[in-house]
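Thanks for asking me to look this one over. Here are my notes, as numbered points you can check against the coordinates.

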Amino acid sequence: GRGALTFLYPGNRKVLAYLRQYGSETVLCVANLSRATQPVELDLSAFKGRVPVEMLGGTAFPPIGELPYFVTLTPYGFQWFLLREEAEAPAWLEALRVEL
């Protein structure tokens, strides 16, 4: 409950997305308010280079770039991401880039 609260207003109105910022930490919260799976694009370009790390399982996601960040949520699903500056991108992502 500490820090700043910033709503993101994605195009998909069935998805609630907001940032909580306190000190040097930024948490991205994304929730699907629908009974159907929902995709959402988020403008996170202000956090370019940071790696979203899922907070419940510790899974690193691809780094944020200049393009909208794409997330898919299960029915009534949610994700909490810590937007880390010092985290490494997932290993599978680097292997994929080498193959291309």
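This is a predicted model: local features need pLDDT of at least 70, side-chain atom pairs count only at pLDDT 80 or more; totals for chains, interfaces and linings use all residues.

1. What does its side chain meet? A polar contact of 2.8 Å joins it to the side chain of asparagine 12. Beyond the neighbours within four places in sequence, the residues touching glutamine 38 are Asn12, Lys14, Val15, Asn32, Val71, Thr72 and Leu73.

2. The largest nonpolar core has 15 residues, and Leu28, Val30, Val40, Leu42, Leu44, Ile64 and Leu83 have the most contacts inside it. Which strands supply at least two residues each? They are strand 2 (15-22), strand 3 (25-32), strand 4 (38-42), strand 6 (69-73) and strand 7 (78-84). In soluble globular proteins, nonpolar side chains tend to be buried together.

3. Setting aside the neighbours within four places in sequence, leucine 42 is in contact with Leu8, Pro10, Ala17, Leu28, Val30, Pro68 and Tyr69. Two of these partners, Leu28 and Val30, are also listed among the core residues with the most contacts.

4. One of its members, leucine 16, is found in strand 2. Is leucine 16 buried or partly exposed? Its relative accessible area is 32%, so leucine 16 is partly exposed.

5. Now the charged pairs: the structure holds two salt bridges. In one of them, the side chains of lysine 48 and glutamate 66 meet at 2.8 Å, N to O. Lysine 48 sits in the loop between strand 4 and strand 5 (51-54), and glutamate 66 in the loop between strand 5 and strand 6, so this pair ties together parts that are 18 residues apart in sequence. Both lysine 48 and glutamate 66 are exposed.

6. Another salt bridge brings together the side chains of glutamate 85 and arginine 50, at 3.1 Å, N to O. This pair links distant parts of the chain, 35 residues apart: glutamate 85 is in the loop between strand 7 and helix 1 (91-99), while arginine 50 is in the loop between strand 4 and strand 5. Are the two partners buried or exposed? Glutamate 85 counts as exposed, at 55% relative accessibility, whereas arginine 50 is buried, with a relative accessible area of 15%.

7. Finally, some backbone angles to inspect. Most residues other than glycine have a negative phi. Tyrosine 9, though not a glycine, has a positive phi of about 55 degrees. This tyrosine 9 is found in the loop between strand 1 (4-7) and strand 2 and is exposed, with a relative accessible area of 70%. Tyrosine 76 also has a positive phi, near 55 degrees. Its place is the loop between strand 6 and strand 7, and at 55% relative accessibility tyrosine 76 counts as exposed.

Key. Residues are numbered from 1 along each chain as its sequence is written. Side-chain values use heavy atoms; hydrogens and water are left out. A nonpolar core is a set of buried Ala, Val, Leu, Ile, Met, Phe, Trp, Tyr and Cys residues joined through side-chain atoms within 4.5 Å. Buried means under 20% relative accessible area, exposed over 50%, partly exposed in between (1.4 Å probe, protein chains only). Helices (H or I, at least four residues) and strands (E, at least two) are DSSP runs, numbered from the N terminus. Contact means heavy atoms within 4.5 Å. A polar contact is a pair of N or O atoms within 3.5 Å; within protein, one must be able to donate a hydrogen and the other to accept it, and residues adjacent in sequence count only if both atoms are side-chain atoms. A salt bridge is a side-chain nitrogen of Lys or Arg within 4 Å of a carboxyl oxygen of Asp or Glu.
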